[in-house]
Each structure stands twice: as C-alpha cells, then as structure tokens.
Amino acid sequence: MSKTVKLRKGFDINLVGKAAKEMVEFAPAQTFAVKPTDFVGLQRPKVLVNEGDTVKAGTPIFFDKAMEQVKFVAPVSGEIIEVKRGEKRKLLEIRILADKEIAYEDLGRIDLSKIDRETLVDRLAHGGVWPHIIQRPFGVIANPADEPKAIYVSAFDTNPLSPDMAFVLQGQEAYFQAGLDALTKLTSGKVHLNINGDEQGSSLFSQVKNVVINRFSGPHPAGNVGVQIHHLDPINKGDLVWTVNPVGVTQIGKLVLEGKYDASKIIALTGSELSKRGYVKTISGSAVTNYVKGNLQSGHIRVISGNVLTGEKISMEGYLGYYHNQITVIPEGDYEEFLGWLKPTTSKLSFHKAIGMLSFLNKGEFKVDTNTHGEERPFVVSGVFEKVLPMDILPTYLFKAIHAEDFDEMEQLGLYEIIEEDVALCEFVDPSKNDLQELVRSGIELLMYS
Amino acid sequence: MKALQNLFDSIKPNFEKGGKWEKFHTLYEGHRTIAFAPDLTTKATGAQIKDATDLKRVMITVVIAMVPALLFGILNIGHQHFMATGEAATWIDKAVFGAISVLPILIVSYAVGLLTEFTFCVIRNHPISEGYLVTGMLIALVMPPYIPLWQVALATIFAVVIGKEVFGGTGMNILNVAMTARAFLYFAYPAQISGDQVWTYLADKTAVDGYSGATALAVAYNAGVEGVDAGEALAQHNASIGADFSFMNMFMGWIPGSIGETSTLMALIGAVILIGTGVASWKIIVSGFGGAYVMGLVMNLFAANEFMAMAPHLHLVMGGLAFGVVFMATDPVSASQTETGKWIYGFLIGALTIIIRVTNPAYPEGIMLAVLLMNVFAPLIDYYVVKANKTRRLQRATV
C-alpha cells in the first residue's frame with residue numbers, strides 16, 4: 001500500500017537565514033490574537049466574547065454561522081482586550097492579554113477505544129483543534145458533517161527556510177501517535193503519513209503505527225500535501241479528502257490524551273535579517289514582537305508569518321498565524337535599481353537562465369528581498385509553470401480558465417486538485433509577475449459559492 | 001544615477017492624475033522602468049519573494065541571440081554587393097557598405113514600431129510592453145536589403161496594429177508579428193520582395209557579366225523546371241565569381257537573401273543562446289529542422305522533378321528555414337503552448353515549408369507561410385493536447 005514517489009519537477013529556493021537546530025530563548029509574548037482571516041472559507045463569523053471578558057485556553061471565542069459546530073477557541077487564558085474590526089465590520093483580530101500562568105478549560109480526555117465517530121467529531125470540533133483539519137478540494141476547514149475518503153498528513157515541509165518537522169515534534173511522539181489514531185477514527189479509508197524519502201526516517205515518523213507511510217523525494221513542492229495526494233490518489237470531482245499538518249496532529253493528540261487545548265508549538269525563526277535564528281517554543285497566535293525586535297540585523301525589513309512563498313506580511317507588532325510554524329524576516333525591496341533588468345548577476349536568485357541571470361552558477365544561499373523585479377505583464381513565456389508543478393495539470397490553461405471564469409474548464413483542468421500553496425512556485429518563477437495564488441483562490445471561490 | 005532618478009522624480013507630477021501630461025503616464029512609467037528596475041514590492045499575502053527574471057530580460061535575451069545574424073547580415077550585404085559588381089573591397093568596406101544599407105531599415109523598423117506601440121499604449125492606458133524589442137529586430141532581419149524604407153514603415157504599422165494591438169497587445173496576438181509584416185509586403189508589394197533583383201544591393205552600380213542575383217531556392221526551383229540536377233545547378237551557380245551555392249557557402253550564409261536569414265550558422269548560434277538560456281523551446285527548434293528533413297526525404301521518394309529529388313540536407317541551409325525555425329517559430333505567444341503541442345507544431349512548420357517550397361511555383365520560400373499557417377493552427381493542436389489531459393482526468397474519476 002505504501003508508495004515511494006520520486007519527483008523531478010520543482011525548485012528548491014535556497015535562502016540565507018536557515019534556523020539553527022537549537023532552541024533559543026526569548027521573553028514570552030504578553031498578547032495573543034486569533035485572526036479569523038487565517039481561516040480560509042470562513043463565511044459569517046459570530047463573536048462569542050466581549051472586550052473585558054476573561055477566557056481560559058480552550059474557551060470558544062467565535063464560530064462560523066455557516067458551520068456552527070466548529071468552535072474557534074482562545075489559545076491562552078487571559079482577558080479579551082480588543083475585538084478588532086475592519087471595513088464593513090469585517091472581523092480582523094481578537095486580542096487576548098495572557099495570564100502569567102495559563103489556565104486550561106477542562107475538555108475531558110478522550111478514550112479512542114470507546115468513543116464513536118460522531119462524538120469524537122463533536123469533541124474535536126469543540127476542542128479548538130478542528131480548524132487544523134482541511135478539506136480538499138478547495139483547501140477550507142473540513143465540515144464535521146462530511147466523511148472523507150482518506151486523510152493525508154505531510155510530515156515534512158520543503159518550503160524555503162521551513163522548519164524541520166522532526167525537530168519541531170521532538171518529544172511529542174505520544175501526542176503525534178494519539179492524533180493519528182484519532183484521525184483514523186474519522187475516515188473509513190486510510191490515513192496516509194507522507195515522509196521525506198531523501199532523509200533517513202527519523203525515529204519519530206518511522207515508529208508511527210496504524211497509518212500508511214509513503215515516501216516522497218525531490219525538490220519543493222514535494223512536501224506539499226496536494227502534490228502528494230495527486231500521486232497517491234488524485235482528487236476527482238465529488239471526492240472529499242482531508243489533510244492535517246503535523247503540528248495540528250500533535251495538538252489533536254494533546255486534546256485526546258490530556259483533555260485540554262494546548263496550542264503551544266515550536267516554531268522556527270528564520271530569514272536573513274534576524275541575528276538570532278533558531279527554534280523557539282511559543283503558542284499559536286503569539287505576538288511576534290519579542291522574537292523580532294532587538295533581533296534584527298537591519299532596519300528596513302518585512303516580517304512574515306509563515307514562509308516566503310505562502311506566508312503573510314505582518315507588522316513587527318503582528319501575530320503568528322494559526323497554521324504557521326515559522327517567522328521569516330527578509331529585507332523590504334522598495335528600491336529602484338539602475339538597469340536592474342539588464343545587469344548580469346550571480347547573486348539574484350532566479351529559476352531562469354536568461355541573459356545575465358547567472359544565479360544557476362551560484363550554488364550558495366541567496367539573500368532575497370521583497371522586490372518584484374519587474375512589472376505585471378500578460379502571460380508570454382510558455383512551459384515554465386509546468387517545470388515547477390509536478391502534477392499532470394496544465395497550469396497556464398487552468399489559470400486562463402479562471403481568468404475567463406469558465407466553470408467547466410476549471411473543473412476539467414483540475415482545480416479540484418490544487419490550492420494556493422501548490423501554485424506558489426509558479427507565482428515565484430513567473431516572469432510576467434502575475435498573482436497566481438490569489439487567482440487560484442478566486443477560481444476556487446467561484447466553484448464553491450456559485 | 002541619482003541625478004537621473006531626480007530628473008524622473010522632478011517630471012513625475014506632470015504625469016500623475018491631474019498633471020498636464022496625465023494621458024502619457026504609461027510612457028513615463030515605461031521609460032522609467034527601462035532606466036530603473038521598479039521599486040514594486042510583493043503583496044501582503046501570496047509569494048513574498050519573486051524571481052529576479054522579468055519579461056524585459058527574457059526579451060533582451062532574444063535580441064542578443066539575433067545579434068550574430070544581424071552582424072553577419074550586414075557583412076554579407078556588403079560582400080554580395082562587391083562580389084556582384086566585381087569591385088575589390090576589404091572586409092571593412094563591406095561592413096561599412098552593409099551597415100549603410102541595413103541600419104536605416106533597422107532604425108525605421110524600431111522607430112515606427114515603437115511609435116505605433118506607444119500610441120496604442122497611451123490611448124488604451126496599457127503599460128508599455130517589451131515585446132517590440134524583439135519584433136523590431138525581427139522585422140529588419142527578414143527584409144531584403146533593397147527594400148524602400150517607406151515600405152518597411154508601412155509593413156511595421158500594419159503588423160503592429162493588425163497583427164498585435166487589435167488583439168490586445170503583447171501576449172495576445174495570434175500571428176507572429178514580424179512574419180505578418182513580411183507577409184504584408186509580400187502580397188502588397190511583391191516587386192520589392194521577390195524575384196532575382198532584390199537580394200543583392202547594387203546601389204547604382206551594374207553587375208558583372210554572368211552574375212545572377214537569384215536565390216538558392218530560385219536556382220533549385222528552376223533546376224526542377226529545366227530537369228537538371230538541382231545539387232549540380234546550385235554548385236555551378238555563379239561559380240565563375242566564386243559565389244556558388246555549395247552546401248558550405250549556404251551554411252555559412254555567403255549567399256543573397258534577406259538581411260538576417262542567409263546564414264544557417266548564425267541562426268544556430270542564436271539557437272544555442274536561446275536554448276541555453278531556456279528562453280526558446282528546444283522542442284520546436286529540433287522538430288522544425290526534423291520536419292524539414294523528413295519532408296525532404298519524402299519528396300525524394302516521389303522525385304517527380306529534380307527539385308524534389310534534391311538531397312534533403314540542402315533544404316536545411318537554403319532560404320530562411322533556419323532563421324524562421326529558430327527565431328520565428330519559437331515565439332512563445334503565437335506558438336503552441338503545450339509541451340506535446342510544441343513537437344507537433346515545430347514538425348509541421350518544417351514539413352510545410354518544404355512542401356510549399358517544392359510544390360508551389362508562386363512562393364519560392366515557404367517558411368513565412370508555414371509559420372503563419374501554423375500560428376493559426378497552434379490553438380487547434382493545443383486544444384487536442386488539453387483535451388487529452390481532461391480526458392485522463394475524467395477517466396480517472398470513472399474507474
């Protein structure tokens with residue numbers, strides 16, 4: 001059953017600023033935030049708390065009226081200090097001032113051998129961990145009413161500067177296993193754990209039981225769960241599968257074994273502009289100020305929650321995203337460069353080898369800033385996206401179908417199989433500088449809601 | 001460079017909303033981004049970093065790949081001139097003579113083309129795209145050295161407007177723009193772009209006795225009509241003045257023809273640059289030459305006349321096949337866009353070129369029409385390749 005897949009297409013973005021495999025210490029953050037904007041597909045969030053209320057870790061603070069069973073909970077105990085709304089009262093952030101000592105809501109341990117599926121689903125949905133379960137197609141939070149064909153967990157991350165999952169989950173073996181066990185109860189199909197075939201399996205992942213272990217090797221996006229599913233059992237129209245990232249699996253395991261929503265996790269501090277890089281123990285939704293301020297090599301920077309391909313720009317006072325396991329700090333690129341499009345260079349990273357783009361000769365690490373290196377243009381060059389998308393999909397045609405809002409074409413060309421992260425590399429390499437992740441989401445929304 | 005930046009900054013208000021030249025905003029941006037790579041940064045969500053290559057660099061790569069053909073073309077125009085008139089001349093004389101006849105064509109092509117493009121960008125408020133960098137060079141290279149400049153200008157305007165802008169500008173065109181320009185001239189003013197007289201620029205001199213300005217294709221075609229061995233006829237053509245159409249001469253490009261098309265070697269150097277940089281599809285280039293060779297062999301099978309019986313490798317170095325396959329067929333916008341489609345597209349261009357050459361007395365050179373015809377059919381090829389992909393997906397769902 002288990003498969004070994006070697007992928008050839010793709011591109012490893014080798015950046016300066018990898019995290020050293022060691023823990024670093026910082027003063028813990030005082031404020032935390034849950035950002036409804038992190039949750040793709042959230043439709044009508046209803047806030048359950050008011051400013052001034054006190055909450056425990058695990059107390060529900062809002063839910064989606066479109067999917068009432070799933071509760072979004074506070075990651076820490078403390079006082080709600082702000083419910084921040086934007087234009088048209090769009091819910092942006094719920095900020096919590098944390099207690100010194102975190103008090104947990106008692107959610108009750110879960111005995112997996114006795115519990116039935118329905119109750120388990122309900123416990124997970126109320127326990128704050130459900131948003132980790134993502135549905136494919138569309139990449140939105142899974143609906144507790146559905147039953148998936150299979151569940152996939154990618155145990156490694158091939159994104160630029162991504163954290164080493166084996167290091168992040170050290171010492172969490174029991175939770176990880178319990179999380180997987182819980183997932184096996186949610187599907188009548190298999191739970192697949194996809195591990196990095198290039199590395200000798202670390203003890204954590206090789207000792208895992210009750211799941212199908214598949215090995216994937218090759219350049220990024222080999223670690224993307226969407227790519228993996230495509231090679232194991234591609235999603236067709238009408239199929240429904242779920243995916244969970246390993247940190248989510250561990251949090252589910254903690255809920256099962258300890259009966260509490262423990263949102264603590266180890267994240268990587270990465271990027272060329274941080275002076276102290278490494279791994280730090282934190283909690284979902286933590287303010288990043290303490291990790292970034294005073295830890296910078298230069299002044300003009302961008303702080304990113306997540307990685308440089310799929311992450312989100314946050315301010316120095318911003319908060320770590322629910323799904324993010326790293327913070328990346330790179331230079332901001334708002335400068336003009338004289339004849340920047342013509343100068344020969346080996347230090348600017350490029351997938352291409354056009355005249356003067358000599359980065360392929362440079363086997364070292366690259367320092368990359370946020371400059372787009374050019375303006376947006378129509379698609380001109382062909383055959384590039386295909387080289388970085390290891391799937392039997394014709395990306396250019398799919399993108400054009402989305403542009404044209406042609407529903408049949410979108411379906412037939414494989415929009416069910418991809419989400420933003422799968423085309424992130426296409427967006428990176430595109431010489432015409434189109435925002436392809438945004439485009440794919442707009443196509444998915446068309447398919448979902450109309 | 002700070003001074004230039006300041007200059008741009010100082011005139012910027014005029015081009016902003018409410019400024020007196022607000023309409024010409026796109027020209028301002030266009031020139032500023034040529035001088036300076038822009039200070040744009042990535043959005044708050046999505047990829048936070050972008051590849052350092054942009055379309056400008058891709059386009060300039062193609063231009064650079066054409067420079068060997070241009071330089072050789074300049075030299076060859078001079079070479080052909082002095083050989084035809086029988087005057088002794090140094091290489092410098094030849095280069096100077098060639099430059100005097102070629103550069104005005106190049107300048108007119110760029111000036112008129114860019115002006116047309118700018119006009120459209122201003123009217124439509126589009127950003128100025130870099131596609132014309134390549135087109136301007138291509139148009140000049142496929143012109144005969146003798147062409148009146150007003151015809152170059154007219155063809156350029158026609159090609160840019162009808163070939164490209166009416167479809168929405170760079171990236172949207174169906175036909176290769178430079179080939180459209182040439183086809184326009186070919187059908188509108190055939191006297192200046194076909195026959196035996198236009199390929200050698202004699203200026204006001206007369207040719208020496210025994211000189212013929214016919215192209216290799218015309219010679220081979222006439223061999224077919226007259227029933228003499230084509231290879232022989234080519235080798236003997238102008239042999240008295242040392243300008244025969246031997247394989248080597250044609251491969252090197254010391255033959256009359258359009259400015260940039262004569263040298264197969266220079267086209268291959270361009271191909272090496274384009275393939276090495278990954279800018280052009282090697283599949284189209286390889287299958288293009290392959291298609292021509294295979295069709296040459298097929299013609300040999302029939303061998304109804306001596307042209308059809310000609311050794312197929314001669315086809316590869318005659319006329320504009322090499323130039324067309326390397327620089328025209330590989331235009332990513334008008335070519336097939338699927339990887340499988342590129343094999344079919346390239347092969348058919350090569351094959352069609354030979355069919356047109358050999359069987360059609362009206363069009364001695366086939367590459368122009370073959371490229372244009374396949375431009376039209378490229379979407380059809382892609383349609384079937386895309387359909388195959390959809391079918392695979394559909395079948396997967398049902399099993």
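**Notes on the interface**

1. The side chains of Asp435(A) and Lys43(B) meet in a salt bridge, with 3.0 Å from N to O, the term standing for a side-chain nitrogen of Lys or Arg within 4 Å of a carboxyl oxygen of Asp or Glu. Between chain A and chain B the count is 10 salt bridges.

2. This is a predicted model, in which local features need pLDDT of at least 70 and side-chain atom pairs count only at pLDDT 80 or more, while totals for chains, interfaces and linings use all residues. Residues are numbered from 1 along each chain as its sequence is written, chains are lettered from A in the order in which they are written, and side-chain values use heavy atoms, with hydrogens and water left out.

3. In contact terms (heavy atoms within 4.5 Å), 78 residues of chain A meet 61 residues of chain B. The area buried between the two chains, that is, the accessible area (1.4 Å probe) lost on being put together and summed over both, is about 5900 Å², and carbon and sulfur atoms give 55% of this area. Of the area that chain A buries against chain B, Glu336(A), Trp341(A) and Ile355(A) supply 15%, more than any other three residues.

4. Strand 20 of chain A pairs with strand 1 (residues 36–37) of chain B in the antiparallel sense over 2 bridges, where strands are DSSP runs of E, at least two residues long, numbered from the N terminus, and pairing requires at least two DSSP bridges. Phe338(A) stands opposite Phe36(B), which lies in strand 1 of chain B.

Technical notes. Helix = DSSP H or I, 4+ residues; strand = E, 2+ residues; numbered from the N terminus.
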